[in-house]
Amino acid sequence: MQLKQQESGGSVDQVSVPESRAERTEFTKQSSSLPFGQLVPLHSISGPTYVTGQLLVQQVAYKLSDKIFSYSPETFDLDVAVQDWADDEERNIHGYTTNVLPLQTRTGAGAFALGYMFSKDFDLSKRHIPQTLLAPSLSLRHLRSSLDQLSLLYGVSSPFVAHIAAADYSANAGLVSEYGSALQLAEELGLALVSSTSVYEAQHMSLFATLLAKVLPTLHIYDGVRTSRETVRVIDALSENGIADVYKKISATADGLNKRLDEAGKAVELLNAFNGELGTDYELFEYTGDKAAEVVFVVFGSVESQVAKQVVDALASKGVKVGAISVRVYRPFVEEAFLKALPESVQTVAVLGQVVDSRAVADASVQSALYADVLTAISFADKWTTAPAVEDVKYPAAESFTPTSFAASLSKYISKDPSAKVEVQLSQLDSVGQYIFWDVDDSVSAVVPTIISGLLSRDSTNNVYVSESHDNLVQGGVIRTDLRTSKKSIDAPYPIEEADVVFINSEKLLKEVASSQIIKSGGKLVVNLPNFKTEDIEKRIPAAVRKDIQSRGLELYILDSAFSPAFESNDSAARLLAELAFLKVAKPDAKPELLQKLALLEGTPPSVEECADELEKALTKLEVPEAWAETSEEAPAPALPSTLKTTSFVPFEKKETETELSVSDWHTAAKGLLFKEAYGTEITLRPEATVKTYTIHVKENRRLTPSTYDRNIFHIEFDLGNSGLTYKIGEALGIHADNDPELIQEFIESYGLNGDELVQIPGREAGFVETRTVFQALQQNIDIFGKPPKRFYEVLAEFATDELEKKKLVALGAAEGAEEFKKRSEVDTITYADILEEFKSARLSFTDIARLVGPLKRREYSIASAQAVTPNAVALMIVVVDWVDTKGRTRYGQATRYLSRLPVGTEVTASVKPSVMKLPTRDDAPLIMAGLGTGLAPFRAFVQYRAMQKAQGKQIGDILLYLGSRHQREEYLYGEEWEAYLDSGVITLLGAAFSRDQPQKIYIQDRMRQTISQIMKAYITQEGSFYLCGPTWPVPDVTEVLQEAIETEAKMNGKKVDSKKEIDRLKEEGRYVLEVY
């Protein structure tokens, strides 16, 4: 595109500076996503004005939308302006206040927006009005299912646009501009994807994306880490009326598009109409560089596009045959437009494609999303006799390009010597003043560069650019601010590499960052050294810095902010002193009027004159000794970073320490997630669990008994996916079940809790806590519907304020209340929730509930499958536990009900528990198995495994399977499978006992006794193993049958044997195994 940015001059005097909400005596920054950190009235965005890209995105979203669904993490502040405008009841172009809905990113995110758009109560007169979403790219994985549904139903939907700030958090690299998820989502779901390549076009592309949403659901993506947060002056920002006019005119064009055009054709027509209305020349694919380029780079992304354009143009001006294509509209990918943008001379197309991390870069099997599209387009093109080579130049999302690093990546393509360094001098920076401020983020002077930049912006002949980054892992929090000034518009979305002045406000940073190396030769370094003494200079300035200062002719200034005790103790004075010191060094010809404006900005004594007098004494230009050039050290100085690894958008809140359980807020949780190292945060699956847990998904959930039957026995099977869960035959699966959400909500409402508040609950390790919402804690952690022990009544009595309630609680907790306690526990099945409802005066805070109520325990179920047979699945057979209590309420077992209602696809947290149920070491050892009801589960796994061995040609032992239940018609569990195994010769004997299908009851021990001869052969003669799984009641009767077999066999062989001792021996050998409950 190339929208011309005119040179500023005195004639441009209508530039607007953000208006503050009220006069303040002290400057405060409200958000890094706002220009100069300040809120801006909606009406003030017009013509030449200072903005950020994020502000312009919000302006368009607010003016055009019915509702804005915001999934902004709190510190990201993607919605801070729209929320402010909504609070002020600013109207959109449709005549009413846009509804801004801040929402939380979690699984199923986006469902709220879908529910609104497709609600039967939706006002159809608003169907043509766009619905907008604001989110970072890290939210896309959670929005996927909702966007998928929206794409399928888009024919009857409102226009929908999502403005996506490319920002994700990497544990190793901090905040990164991540585009890959958006590209992948757009391709897979058929969404449009539009990119803003700079802050100057953020407003236009937000508007175009909203218009394109009339054709198909649209994502508008832009750099969310740097570009969208830079404060710059945009000469021709559209006003509220300008946005309304453009939108209405192009909307009419969109509504009148030829219905026979495909989506790509409609996108082209819309862009042409858009250019015609605004007088711009945006293209789907924008080429820059030599017209006869032999190497062309294809790039996507805000910083990538601008850096590529500037570097390629600089090289092309020197005769290098190189070009670059910036992808503005990735979807629909119009191949004809892409091929048209490529010069016929091209021999190599290098696709700069982003991938997840450095491992993906090294993995030859991984391709970038952009590469696949480019390769396809060129492979099927007939533009060339010999098609150009296409290469995938992958880079990790953590890589942040600068002109220097981008030029280095070109060397193998444009130089005969790939190892040769490509030098690039960007002419646009020749007349730009470049200044860097380093400070710790809790310094009173941390806002100095913002105040100075705001001051300089008041000169209409200046263009000011401000960008800041935070690293909360260095010195407890470091902030770097880049300030550029120029007579022309500046588009430099990358860190300053050659500064005119570097200001170090904290001495300790001299050992943390490369303070002098990023100063251009002959530049200036200002260091704040309180209580400075000339003789201590070599102790306080590191040797490497001293040597660099001398060798490159840098000027060194020392600011002694402690020179005057009065100034040192006055924060405003100390800050004003730092501001004046910078202006004196960087702008020595500054006019007195500028200093007076500075005084007004600060608004507090002492006066500028007083500070100026003190500055003469506190600021010293130091003569640099020639000896510094020869400085040597015993050990080489470590390489220090010249830029920060951005880990946050806000300073580190050092005063916030959570040592006790407390109800907290989302801000605290967000910091814990973003700044894991600083907060000691670990992100784990169910961190409260003391075992290794896995996420698996429901694959099948079917009832085995008829729906009319009073017992709900069901088979549930899980897909293991890539969870890593493995299990052995006979082991149990631990299910970490949730409490019923409906019951939780009822309890929250009846007890007067806020389900969205955060609570910190005890962790599994001493001294650690986990953060949950109140709702999550009750659903996943606290056994609020469990049976309380006697001790709970005793402790609760301490909270009771009603004397009668206190006495009753004390009695229930004492020996005298034992009988009543037993009735409550075993007959009434009273829960913690029941007790809290009953004894209302014993009011517990939620932190007390989290402390006193027992934790939810996992429930374990015997596994009904063999992983060797079903390697990616695990199956269970479960009966839903239910009963009616003394109050007539139907109660359910927490875990069995949870599992019975899970739909296919649901995520479940599980773990594995070892079991005594193990197969014999000999494959030909017989198995005698007795299972009652769901006790058959592990035997299904045993038989599956033996069937697999038999199919492999192995010799397996006899299998005697005894099963017991009430009715064959209703409870012949896995009956068809047993019959099939019997027919195929896997099972030798099937003894089924259905106790109530005949007048006389037949139990499992009766079937065993009827076949005692076969048990004798398999168990004693062939040294088989016996297993019983199910309830405890049949154990004596079944054991008696085994003893009879032992005694009978001994008598037949003329031996004497003590059958009880023999059972004990078999138990020790692992041949008599019980798993009963």
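Contact here means heavy atoms within 4.5 Å. And keep in mind that this is a predicted model.

Start with helix α27, residues 818-827. What do its buried residues pack against? Three helices: α25 (790-797), α26 (803-813) and α28 (832-838). The buried residues in α27 are Phe821, Arg824 and Ser825. Down the helix axis, the buried residues fall within an arc of 90°, so they line one face of α27. In general, an α-helix has 3.6 residues a turn, so residues three or four places apart point the same way. Glu819 and Glu826 sit on the other side of α27, and they are exposed. After α27 comes threonine 829, with a positive phi near 45°.

Next, a helix pair. α1 is residues 53-64, α6 is residues 202-212. They pack at an angle of about 35°, axes 8 Å apart. The crossing of α1 and α6 is right-handed. From α1, the residues are Gly53, Leu56, Val57, Gln59, Val60 and Leu64. They meet Ala202, Gln203, Ser206, Leu207 and Thr210 of α6. By type, that contact has 6 nonpolar residues, 5 polar and no charged.

Last, arginine 331. It lies in strand β14, residues 329-331. Buried or exposed? Arginine 331 has a relative accessible area of 13%, and the cut-off for buried is under 20%, so it counts as buried. Its side chain makes a polar contact of 3.0 Å with the side chain of aspartate 373. Beyond four places in sequence, arginine 331 also contacts residues including Ala186, Glu187, Leu191, Ala192 and Leu193.

Conventions
Residues numbered from 1 in each chain as written. Predicted model: local features only at pLDDT ≥ 70, side-chain atom pairs only at ≥ 80, totals over all residues. Heavy atoms only, no water. Helix = DSSP H or I, 4+ residues; strand = E, 2+ residues; numbered from the N terminus. Buried < 20%, exposed > 50% of the residue type's maximum accessible area, 1.4 Å probe, protein only. Polar contact = N/O pair within 3.5 Å; in protein donor to acceptor, adjacent residues only side chain to side chain. Axes fitted to C-alpha atoms, helices over the stretch in contact; angles between N-to-C directions. Left-handed = near helix turned anticlockwise from the far one by under 90°. Nonpolar A, V, L, I, M, F, W, Y, C, P; charged D, E, K, R; others polar. Arc of directions from axis to C-beta.
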